[in-house]
Amino acid sequence: MTNLRQRLAAIPKTLSASLTRLATRRYGVLIVAAALCTAVATHFVAELKLKADFIELLPQRYQSVIDLRKIVAQVGGLGNLSIAFMSEDVQASERLADDLARVLDREFRDRIRYYDYKIDALKAFYEAHAPLYVGVDDLETIRDRLRDHVTREKRKKIPLFTDLLDDEPTAAAGLDFSDIEAKYDAKTKAYDRYIDGYYTAEGGRLLAMLIKPKGESTNIPAMTRLVADLQAAIGRLRPETYAADMKVGFAGNYKTGLEEYETLKNDILGTALLCLTLVSLSILAFFRRLRAVLLLGICSVTAVLWTFAVTYFAIGYLNTVTAFLGAIIAGTGINYGIILLARYFEERRLGATPEAAVATAIQETLVATFGAASTTAVAFGVFMLAEVKSFSQFGFIGLVGIVLIWLASYTLLPAMVVASEALWPSVRRSPPGAQLLSDSVGLGFLAKVARHDTLVLTVFGLGAVAGGIVFLRYLPTSLEYDMSRLRTKSSLESGTAKLDHRISRIFDVSMTPAVLVADTPEEARAICAALAKKKAAAGDAAGIERCRSIYSFLPSDQEAKLALIAEIRDLLSGTTRAALTETQRRQLDELEHSLPPGPLGIDDLPEEMTRYFVDTAGRIGTFVYVDPREGRNLWNAENLLRFTSDIRQLTLTDGKQITSSGEAVIFADLLTLMKHDSPIATALSFLAVFLLVVMTFGSLSASAYVTLSLLVGSLLMVGAMAAVDVKLNFFNFVALPMTFGIGVDYSINIYQRYLQEGRGSLQKVFRRTGGAVLLCSLTTIIGYLTLIIADSNALVSLGGLAILGEFTCLATALVALPAFIARQERRPDA
């Protein structure tokens, strides 16, 4: 057992010696090999795809994902592309819409399935077949009144009844359909709100055209070209010539998808450049050497490129969660190089040769940085167990990135240091008593603060207890149920989301309904019947408003209605109209003229109706649309869960199971999985970090001190989170496990240096290591800070919560842990 311990204890020294020999004797080979690997990696990183669709966040085996792919394949993409014409001159908007329609017919027929901007064809169809859309009870009333009228006319021809009828109201007086007309006028006049039959709103200041593209909204290249070509076509029409105030805007989920994709791309570039700039300035301010900026920058960028090259082969793409890992990996992983380089320059200022300084820096920092890298890697790695695919990928990429950047920090970085020294010596020996680089940060005062250990530990202890209590009380309401807070800022601020809302008010149905697919139109009708039954049973708690199949456009109870219509037709043929008023004759003429000869079928419906129900195979009616309950916004997660619960699974009368999907169902599954994965990932992360701390120090007491520091920092973090009402969502819930892995690094480095220097060395620890630890935290904060400027509110919430954890864990590492050490040193038995 003793031999085993000795062998384990010897591993760091042996590894340090090997790394030193490699860096000092083979630095040229190392640098060339790294450069070649980086060149190859850069090629594959350039081929890495970016997927912004939320379907990529769930495992492909999930029923909602399987169903959504089936729906998209059968329906041909969900949602639409909207074009809004905005002007005070409604006739100008109408002319521009008509001209654009002609352009679409001429130039875009191979790229769009249909477009829609007028209601006149639907209105004409309903008016032409009005009797079949009248209720059975109203047809019975019409029949009864006609029958009474005919009976009176017959009685008038019989002398016996003539005198009796003289005292009764005239026969014509009973023949009045104005009440029934008024009842249905209210329905037909709903179309009259559309000026001149165009889809208009806001008094004609807004006119909308809906376009259904061929292909999926997730086909970014095709949709980008389509929108660009449509914009060009509209530009050629010169909208300003129709009206000086004419504006044309795009909306709909196809436009939103493109906008979010472009936003994501811009955010990746913007955050990367900002992270690189701010980290470089921080390093320059600390080291006051451009050499340090270049060495650490090259090392970090190289490791990040290697990481994404591995990602290319292992995953093949980035999603909305993993796209920003480059900044996080660089901001966090650069810490290992900072610790190494700070110790190297310290040794050089003390008079060591470059080779000796590299050897000392590697040997004295290897264990601490390895422990820190291990805890961070494990904090990322636990997410690989998550059901949410995006977070398992997040964990994999993060783990690979931390491992590679640590390896680069102890291979490539020392090699570049030695090579740079051969070209240009970095520092000269400092005279005795001279201020070292790390002294200039001015953290020595913290050693004096640590002497007030009772006060410091009391403040941090009470803060941790209070934070824990506040968070436990907050926990039941800690989840974010307002999904609109996760949307992109540009969409909300620049107008796409607002324009979507304005256009949606034009129509009586949801612009983003759920879609359920069927094998036949009859099965689609059965799905709607099952949903209607479920809605009736749920009452006010139902999450659905209506289900629309192709049969929703056909009259109900046609057999009964046609029987009544046949009776009415017979009665009309025998009606004497001489005694009727002009209005009554007109009513009867219109009624007789509008009576249909037979039942309506799907084939009788106009193309303006059926095109919404034509699948990719050309079949009509093989899917249904389901609208959420009116007044219940699906951006509210409680409404979302209620709606998806109603539509997720249905059992038809024949026993067949129908499952559904869509954006709403995907969101609901993500929320459910987050509630399941979050506590597991958090608990596993803390446990794994503790075990690695034990392995790093080989002492339970030392591990307990460091872990206790992390625990206090974490409690302060969640307490502050609860105090300012920060909600957890399926983006930012990773912040707490990541805080465990990254936040513990600072306590590890402080305590490891204290163990190396011995009792009474707190002042020296702060002077020599405190500044480097502070810089490490600063670079990590910068990595998270770049998320705050991202356009996605979800990423902003992740960045803000992670920064909060950085501040609290840094405070415990630099204040609470030293106070505890000082208290331990004052114990008589210490």
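With which residues is methionine 209 in contact, leaving aside its neighbours within four places in sequence? In this predicted model, the contacts of methionine 209 are with Leu81, Ser82, Ile83, Phe85, Ala97, Leu100, Ala101, Leu104, Asp116 and Tyr117. Met209 is also named, together with Phe287 and Val626, among the residues with the most contacts inside the largest nonpolar core, which has 197 residues. To this core helix α13, spanning residues 325-349, gives the most, with 14 residues. A second, separate core of 50 residues includes Ala201, Ala208, Ile550 and Ile568.

Strand β5 covers residues 206-213, and eight of its eight residues are buried, so the strand is largely enclosed by the rest of the structure. Burial extends to both faces of β5, with Leu206, Ala208, Leu210 and Lys212 on one side and Leu207, Met209, Ile211 and Pro213 on the other.

The pairing of β5 with other strands was then examined. Strand β2 (residues 81-86) pairs with β5 in the antiparallel sense over six bridges, and alanine 84 stands opposite alanine 208 of β5. Strand β3 (residues 112-116) is likewise antiparallel to β5, over four bridges, with tyrosine 115 placed opposite isoleucine 211. Strand β4 (residues 200-201) runs antiparallel to β5 and is joined to it by two bridges, alanine 201 standing opposite leucine 206. Four residues lie between β4 and β5 in the hairpin that they form, and glutamate 202 in the turn has a positive phi of about 55°.

Over the protein chain, the secondary structure comes to 30 helices and 12 strands, and buried residues make up 54% of the 830 residues.

Definitions and conventions:
Residues numbered from 1 in each chain as written. Predicted model: local features only at pLDDT ≥ 70, side-chain atom pairs only at ≥ 80, totals over all residues. Heavy atoms only, no water. Buried < 20%, exposed > 50% of the residue type's maximum accessible area, 1.4 Å probe, protein only. Core = buried A, V, L, I, M, F, W, Y, C linked by side-chain atoms within 4.5 Å. Contact = heavy atoms within 4.5 Å. Pairing = 2+ DSSP bridges.
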